[in-house]
Each structure stands twice: as structure tokens, then as C-alpha cells.
Amino acid sequence: MKTKKITVRTSRREELIDITGEILAFVRKSGVNDGKITIFIPHTTAAVTINENADPTVQSDITFTLNKLVPKLPEYHHLEGNSDAHVKSSIIGCSQDIFITDGSLLLGTWQGIYFCEFDGPRNRTAILRID
Ligand code: ZN
């Protein structure tokens with residue numbers, strides 16, 4: 001199986017959740033040694049990014065900065081009241097590609113893969129596809 005959906009349960013309105021372990025486990029189980037994995041987020045108020053996995057303050061600094069860049073404003077027209085989350089999703093993006101080499105993820109030493117929640121808490125999905 002080269003496509004898999006994983007569930008990500010978020011507990012706050014905004015948070016970055018490390019999903020590297022689940023993605024690496026899927027790559028190892030697939031038996032693919034060389035290729036590429038795509039992580040796609042099928043939501044309009046969430047995203048996926050790659051960043052430092054050593055110091056957890058990096059993740060909170062990312063959400064802090066996004067809130068400075070994209071505050072909740074009364075001028076938004078979208079009636080659901082979560083336009084800031086839609087904008088953050090588009091800034092960060094809904095997919096990432098990572099090379100697979102020697103059956104593992106070709107990430108930098110300090111890189112982890114993060115599901116980005118901008119309008120939680122919710123049960124979310126990430127779609128993984130190996131090619
Ligand atoms: Zn909305």
C-alpha cells in the first residue's frame with residue numbers, strides 16, 4: 001500500500017504537531033528504498049511544514065509570528081469567523097514532498113514534519129503517498 005490516511009487529533013486552536021514518526025513508520029513498512037513521499041493536508045484551515053524538532057519554542061514562535069502577521073480582524077467578510085486560519089493555511093501550504101533514500105526520510109539533522117492546526121481543536125487527516 002503506497003497511500004495512507006492518518007488521523008491527527010489537535011487539542012488547541014493553533015498548534016504544530018510533530019508527525020515525523022508516523023510518516024517514517026509508513027515509509028519503513030512500505031519497503032520502498034528510494035523514492036518520494038508526499039504529505040497532503042485536505043483541509044482549508046490547516047497546513048504542513050518542515051522545521052526544527054529540537055527546541056519546542058520554535059513551534060510556538062512560528063504560531064506567535066503567524067498571529068502577528070495574520071491577526072483576527074473584524075474586516076474579514078467570511079461569515080465563519082476563521083479567515084485568519086484560512087490565510088495561515090495558504091501561507092504555509094497544504095503539501096510537502098520529502099525524498100526517501102535507503103528506506104528512510106532524507107531530512108536534515110534538525111528537521112521534523114509538523115501538522116499545523118490553525119482552527120482547532122479538531123480531528124484532522126493527513127494523506128501520505130509514496131511514489
Ligand atoms: Zn472558514
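Strand β2 (residues 15-18) lines up with β7 in the antiparallel sense, and four bridges join the two. This is a predicted model, so treat what follows as a tour of computed coordinates.

**Strand β7 and its partners**
- β7 has another antiparallel partner in strand β4 (residues 46-52), and here the count is seven bridges.
- To find your way along that pairing, pick out T49, which sits opposite Y114 of β7.
- How many residues of strand β7 are buried? Six of the seven are, so that β7 (residues 111-117) is mostly covered.

**The five-stranded sheet**
- Another group of strands makes an open sheet of five, running β1-β8-β3-β5-β6 with antiparallel pairing.
- At its edges you'll find β1 (3-9) and β6 (104-105), each of which pairs on one side only.
- Inside this sheet, strand β3 (residues 35-40) and strand β8 (residues 123-130) are antiparallel to each other and share four bridges.
- If you want one spot to look at, T38 has R129 in β8 as its bridge partner.
- As a bit of background, strands of a sheet pair through backbone hydrogen bonds, either parallel or antiparallel.

**The nonpolar cores**
- The largest nonpolar core holds 23 residues, and I19, I23, I37, I39, L105 and I113 are the ones with the most contacts inside it.
- Which elements give two or more residues to this core? They are β1, α1 (20-30), β3, β4, β5 (95-101), β7 and β8.
- α1 supplies the largest share, with four residues.
- Take I39 as an example: leaving out residues up to four places away in sequence, I39 touches I19, I23, V48, C94, S95, Q96, I98, I113, I127 and L128.
- There is also a second, separate core of seven residues, with A47, L66, Y114 and C116 among them.

**The zinc site**
- Which residues are the protein donors of the zinc ion? They are H78 (NE2), E80 (OE), N82 (OD1) and H86 (NE2), and they lie 1.9 to 2.2 Å from the ion.
- Written as a sequence pattern, the spacing of these donor residues is H-x1-E-x1-N-x3-H.
- Why is the arrangement called irregular? The four donor atoms subtend angles of 92 to 148° around the zinc ion, whereas a tetrahedral site would need all angles to lie between 85 and 135 degrees.
- H78 is partly exposed, because its relative accessible area is 34%.
- E80 counts as exposed, because its relative accessibility is 54%.

**The whole chain**
- Overall, the chain has three helices and eight strands.
- Of the 131 residues, 41% are buried.
- Among contacts with a separation of 6 or more, 82% are between residues 24 or more positions apart.

Methods
Residues are numbered from 1 along each chain as its sequence is written. This is a predicted model: local features need pLDDT of at least 70, side-chain atom pairs count only at pLDDT 80 or more; totals for chains, interfaces and linings use all residues. Side-chain values use heavy atoms; hydrogens and water are left out. Donors are N, O and S atoms within 2.8 Å of the metal (3.2 Å for Na, K and Ca); water is not among the atoms, so sites may look incomplete. Four donors count as tetrahedral if all angles lie between 85 and 135 degrees; four count as square planar and six as octahedral if opposite donors are over 155 degrees apart and all others between 65 and 115; anything else is irregular. Buried means under 20% relative accessible area, exposed over 50%, partly exposed in between (1.4 Å probe, protein chains only). Two strands pair if DSSP finds at least two bridges between them. A nonpolar core is a set of buried Ala, Val, Leu, Ile, Met, Phe, Trp, Tyr and Cys residues joined through side-chain atoms within 4.5 Å. Contact means heavy atoms within 4.5 Å.
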